[in-house]
Number of protein chains: 2
Amino acid sequence: VPQTIAFISMSLDGFAAGPDISQQHPLGRNGEILHEWLFAEKGEDDPDARVVDSIFARIGAVVIGNVMFSIGWKEWGEQNPFPVPVWVLAHAQRESIAPESTNPVHFVSDLTTALALSRAQAGDKDLLIGGGPTTIDQVITAGELDEIIVTVAPVLLGNGTRLFASVDADVTRLEPVGETSSVRVTHLHYRFPDRHSGPSA
Amino acid sequence: VPQTIAFISMSLDGFAAGPDISQQHPLGRNGEILHEWLFAEKGEDDPDARVVDSIFARIGAVVIGNVMFSIGWKEWGEQNPFPVPVWVLAHAQRESIAPESTNPVHFVSDLTTALALSRAQAGDKDLLIGGGPTTIDQVITAGELDEIIVTVAPVLLGNGTRLFASVDADVTRLEPVGETSSVRVTHLHYRFPDRHSGPSA
């Protein structure tokens, strides 16, 4: 059964972005520290590269939020940074970008449609919820997330956007799947055992 | 050089206690989930037991906050649960408990005195900051913490007392020391490289 998986970097004090997000500071003040591990020079068989590669190998589509898209688009050189089609949760209707390519960007206005279309596209492969934190929270609240990999960066940001802050649940037990550590970060991998609705596709 | 180390359990969403702390729910609602790993039946050479044993082996004294003491005292059968002397940060003056024993409980009104007396007691051994979260935050803000081991429990509590919430700093980079995982939890171990004041003893 194809899985829906989220992958995101978080500070040890729980922030997935720093405060004061802007074009100049797309991840908020000091937020770029969260992603240093991703851009670090890596040797052969690097644990961090292995985690990213294993996720990219299993996914057939991606859903991201509009904030992540709007802030990221210039950073990404105005190209989809994923090797597969992306659906953006955007309120405004908008034409698809590069619809004939292998990795187009589509825009939809609601999560249900985004999940249905992206899962249909992914087929036997998994769906990645690429962020940001609010979008991941929304998918958890909808009971549509199967797994999450949280990459804990060695920093206390003190302020910003907290991952899980808008999850609407009293308490959610997770099932540890395993972890991978490098000299830079620790990737914590969990399953949501209480997923209360199956894929809609 | 003796180190000052904190050790505390935290939910994946950053809480070291659940909401509505009371005598009935000493760790807040659902907060006991954070400590299930500690009380779980363990086999030979259990990773969690190894972490606890290694901390207990290196410490010569403990400092805890008054909330932790007040809430914990009955739970602990009115005995110091640590194998070494404890200093409690209490506002009210109070006689020491079991002063002639190997693990008495002392009460002091300020952090500086607590650190000086407990470090003098610990001698060549390390000092443990046993919690709760607010006390650990206070020691971090004072620039007096060298290391922290955060035990991440596989649960989203949604609410409660956030570890690091009251740390007074814009951003604090940590140095990963390593991690230990069991089937239950992951213990993340970090150093504070920017400690701005040495031991006062």
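**Ground rules.** Residues count from 1 along each chain as its sequence is written, and chains are lettered from A, ligands numbered from 1, in the order in which they are written. In this predicted model local features need pLDDT of at least 70, side-chain atom pairs count only at pLDDT 80 or more, and totals for chains, interfaces and linings use all residues, while side-chain values use heavy atoms, with hydrogens and water left out.

**Contact.** I looked up who touches whom: 32 residues of chain B are in contact with 32 residues of chain A (heavy atoms within 4.5 Å). On chain B's side I found 19 nonpolar, 5 polar and 8 charged residues. Nonpolar here means Ala, Val, Leu, Ile, Met, Phe, Trp, Tyr, Cys and Pro; charged means Asp, Glu, Lys and Arg; polar means the others, Gly among them.

**Salt bridges.** How many salt bridges run between chain B and chain A? I got 4, by the rule of a side-chain nitrogen of Lys or Arg within 4 Å of a carboxyl oxygen of Asp or Glu.

- Glu36(A) pairs with Arg173(B) at 2.8 Å, N to O.
- Glu36(B) pairs with Arg173(A), with the closest N and O atoms 2.7 Å apart.
- Arg29(A) meets Asp170(B) at 3.3 Å, N to O.

**Buried or exposed?** I checked the last pair too: Arg29(A) is partly exposed at 32% relative accessible area, and Asp170(B) is partly exposed at 47%. The scale is buried under 20%, exposed over 50%, partly exposed in between (1.4 Å probe, protein chains only).
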